[in-house]
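Dear colleague,

Please find the structure below for your review. My notes on it follow.

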Amino acid sequence: MTTPLYDLVIRGGTVGSATGSFAADVAVTGERIVAIGEALQPGRREIDASGKLVLPGGVDAHAHIEQVSAGGLLNADSFESATASAAFGGTTTVLCFAAQHRGNDLRKVVTDYSVRARRGAMIDYAFHLIIANPDAKTLETDLPALIGEGHASIKIFMTYDLIKIDDEPLLDLLLTARQNRALVCVHAENHGMISWMGKKLLQKGYSAPKYHAASHPRGSEAEAFTRLIAAAALLDQPIMIFHVSTEEGAAVIRQARGQGLKVFAETCPQYLFLTRHDLDKPGLEGAKWMCSPPPREVSDQDALWRALALGDIQTISSDHAPYAFDETGKLSAGPNPNFKQIANGLPGLETRLPLLFDAMVTKARPEFAGRGLEAFVNLTATAPAALYNLAGKGAIQVGLDADIAIWDPRKTVTITDATMHDRTGFTPFHGCSVTGWPVHVLARGRDVVADGACVGEPGSGRWLGREGGWAAEPTGRLAPDMDPARNFGAALL
Ligand code: URP
Ligand code: ZN
Ligand code: ZN
């Protein structure tokens with residue numbers, strides 16, 4: 001009898017990548033993929049993947065987990081529940097947040113979030129550092145040191161009263177990021193417009209959740225993108241614009257990229273599958289569809305799909321922001337809140353990949369011209385792994401981590417509140433039927449989901465330290481009069 005050569009062989013499946021798919025067995029030893037080929041030698045364990053797709057585990061680059069929100073509320077998930085839910089949906093790497101609030105010491109914030117993640121995470125993770133207190137200690141000491149230690153992306157908000165960063169500190173942050181090679185991710189909406197619209201609507205008695213959508217005028221997105229891009233161009237600092245929701249926003253990004261600026265962008269399933277009409281429900285029910293920016297129109301969905309196919313938007317994340325529909329979450333301000341008092345955010349770690357698989361692979365959205373599987377793998381795993389410089393992630397390749405999702409492309413599932421594994425208690429996609437579901441999920445060679453159950457171990461997820469990488473490298477096109485190293489042109493006068 002032949003001695004097994006590998007720990008595990010996933011046999012007889014179709015391996016999918018960002019560039020094509022092919023029939024092959026995949027062998028794993030320890031935590032890594034060690035061979036891909038036809039008729040591989042036996043493994044100590046074998047998984048029959050005939051009729052299945054063997055895909056890289058998803059990389060979700062935007063999820064709020066066990067985090068204090070913009071409004072000061074702790075969200076519903078622990079690292080354990082969120083990462084289990086992610087794995088049920090085929091995701092094996094998550095980028096979440098270490099969220100500084102005003103007055104917080106950044107180093108302590110990162111330590112606290114690291115302790116929570118180490119305790120609960122069952123898939124690998126990294127942090128974006130939310131900066132809401134850009135004082136001298138944060139900018140000159142803590143942030144450079146933390147970037148150097150492997151936290152190479154920053155997140156800032158241009159809106160939300162408690163954490164917003166105005167234009168001048170935005171420049172300070174962009175400069176610190178440039179000097180230390182970190183990518184700057186931004187929630188970009190015009191704060192003044194949103195705040196003003198909210199007051200006007202409430203004064204007239206328009207307080208139901210559906211008015212949340214009206215209070216975020218579509219122009220508030222394009223305006224903030226334009227201002228942000230101008231600031232980033234001034235300092236030649238690469239940026240990632242989070243959760244693009246409008247056609248006009250996508251057009252601003254296309255134009256900036258056409259000028260050769262390093263502007264990257266993300267959208268989310270809620271902007272591809274929901275519209276503002278989803279918020280229009282009896283009573284407070286619409287709160288379950290309230291996120292910022294809000295879902296828009298069908299024409300925006302079409303524009304975002306086009307932008308994804310053209311490469312103007314490079315990745316799709318969940319923006320998982322779980323708040324239960326009760327007094328601990330959406331209704332924390334009391335039983336009859338107005339839309340300004342309701343926490344923003346939707347759960348989405350588990351539904352991101354199945355919804356996208358169904359649209360791009362099963363239903364073959366025409367924008368991807370017959371290459372829906374490749375685009376799906378790229379937008380949800382390969383591209384985010386590259387953008388955030390996550391070594392070992394995002395592809396089925398020899399030498400990379402054995403983060404593998406085995407998909408049954410024929411399995412039809414109706415998504416319901418009851419079938420989800422996060423702690424929100426509802427999903428905005430309740431009742432949606434999708435075809436294509438991940439039936440076996442491995443993270444660094446360990447089973448996390450098998451036979452419909454979570455078998456992952458809390459605490460087995462590992463923190464992924466990373467440098468900024470290619471995405472965070474400036475273009476080098478900094479004009480002399482904008483160059484801090486040349487005294488902003490003072491020497492030229
Ligand atoms: O509504 C959302 N997206 N809530 C989460 C916080 C954020 O805006 O990223
Ligand atoms: Zn945001
Ligand atoms: Zn977010």
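Are F97 and F242 buried or exposed? F97 is buried, and F242 is buried as well; buried means under 20% relative accessible area, exposed over 50%, and partly exposed in between, with a 1.4 Å probe and protein chains only.

Before the details, a note on the source. This is a predicted model, in which local features need pLDDT of at least 70 and side-chain atom pairs count only at pLDDT 80 or more, while totals for chains, interfaces and linings use all residues. Residues are numbered from 1 along each chain as its sequence is written, chains are lettered from A and ligands numbered from 1 in the order in which they are written, and side-chain values use heavy atoms, with hydrogens and water left out.

Aromatic pairs

The whole structure holds eleven aromatic pairs (rings of Phe, Tyr and Trp, the last by its six-membered ring, with centres within 6.5 Å; planes under 30 degrees apart are stacked, over 60 edge-to-face, the rest tilted). One of them is F97 with F242, edge-to-face at 6.4 Å centre to centre and 85 degrees between the planes. Because F97 lies in strand 7 (residues 91-99) and F242 in the loop between strand 11 (239-241) and helix 8 (247-258), this pair ties together parts 145 residues apart in sequence. Helices (H or I, at least four residues) and strands (E, at least two) are DSSP runs, numbered from the N terminus.

The rings of F376 and W407 have centres 5.6 Å apart and planes at 85 degrees, so this pair is edge-to-face. F376 belongs to helix 12 (residues 372-387) and W407 to strand 14 (residues 404-414), 31 residues apart. Both F376 and W407 are buried.

The zinc site

The zinc ion (ligand 2) has H187 (ND1) and H243 (NE2) as its protein donors, 2.1 Å from it (donors are N, O and S atoms within 2.8 Å of the metal, or 3.2 Å for Na, K and Ca; water is not among the atoms, so sites may look incomplete). H187 lies in strand 10 (residues 183-187) and H243 in the loop between strand 11 and helix 8, so the two join parts 56 residues apart in sequence. H187 counts as buried at 1% relative accessibility, and H243 does at 2%. The zinc ion (ligand 3) is 3.6 Å from the zinc ion (ligand 2).

H64

H64 is in the loop between strand 6 (58-60) and helix 1 (79-88). With 8% relative accessibility, H64 counts as buried.

Yours sincerely
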